[in-house]
Amino acid sequence: EKLLEVLELNEKFKVVLVRKKEDLGECDGLVIPGGELRTIALLGVLARHSGLLDPLKEFIKTKDVWGTCAGAFLLSKTVVGTKRSGQELLSGTNVTIARNGWGRQVRSFSCSSMSLEGRPEA
């Protein structure tokens, strides 16, 4: 919530946390942040059960929406490699995303570290 306060200090933005479909009426655009993909998948399920999924789908047809990382998954039209039960999608962008395309996150990055003398660490 501290970040939301910082954004509002700019006075160009009014930040609205969207928790129910009525909150969308206060929004000119929407940012769906990244995060752990299972959490975003759960967000899709919660949106369906709370009645927010269809209003979100309608919202993104006419408003600007930006999704980063797992938020981009939620906005995509198709996800390859979803969990067995599937994943709720908003289908707001005509893209296909591969879930875990580079493997599990824990294995997605590696490098040798350098010591202060410029030699690789053992």
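**View 1. Ser91 in the loop between β3 and β4.** Ser91 lies in the loop that joins β3 (76–80) to β4 (93–98); strands here are DSSP runs of E with at least two residues, and helices are runs of H or I with at least four, numbered from the N terminus. This is a predicted model, in which local features need pLDDT of at least 70, side-chain atom pairs count only at pLDDT 80 or more, and totals for chains, interfaces and linings use all residues. Residues are numbered from 1 along each chain as its sequence is written, and side-chain values use heavy atoms, leaving out hydrogens and water. Most residues other than glycine have a negative phi. Ser91 is partly exposed, at 39% relative accessibility (buried is under 20% relative accessible area, exposed over 50%, partly exposed in between, with a 1.4 Å probe and protein chains only).

**View 2. A salt bridge between Lys61 and Glu58.** Here the side chains of Lys61 and Glu58 meet at 3.0 Å, N to O. A salt bridge is a side-chain nitrogen of Lys or Arg within 4 Å of a carboxyl oxygen of Asp or Glu, and the count by this rule is one. Because Lys61 and Glu58 are three residues apart in helix α3 (residues 53–62), about one helical turn separates them. Lys61 is exposed at 61% relative accessibility, while Glu58 is partly exposed at 48%.

**View 3. Val45 in helix α2.** Take a look at Val45, found in helix α2 (residues 37–50). Val45 has a relative accessible area of 30%, making this residue partly exposed.
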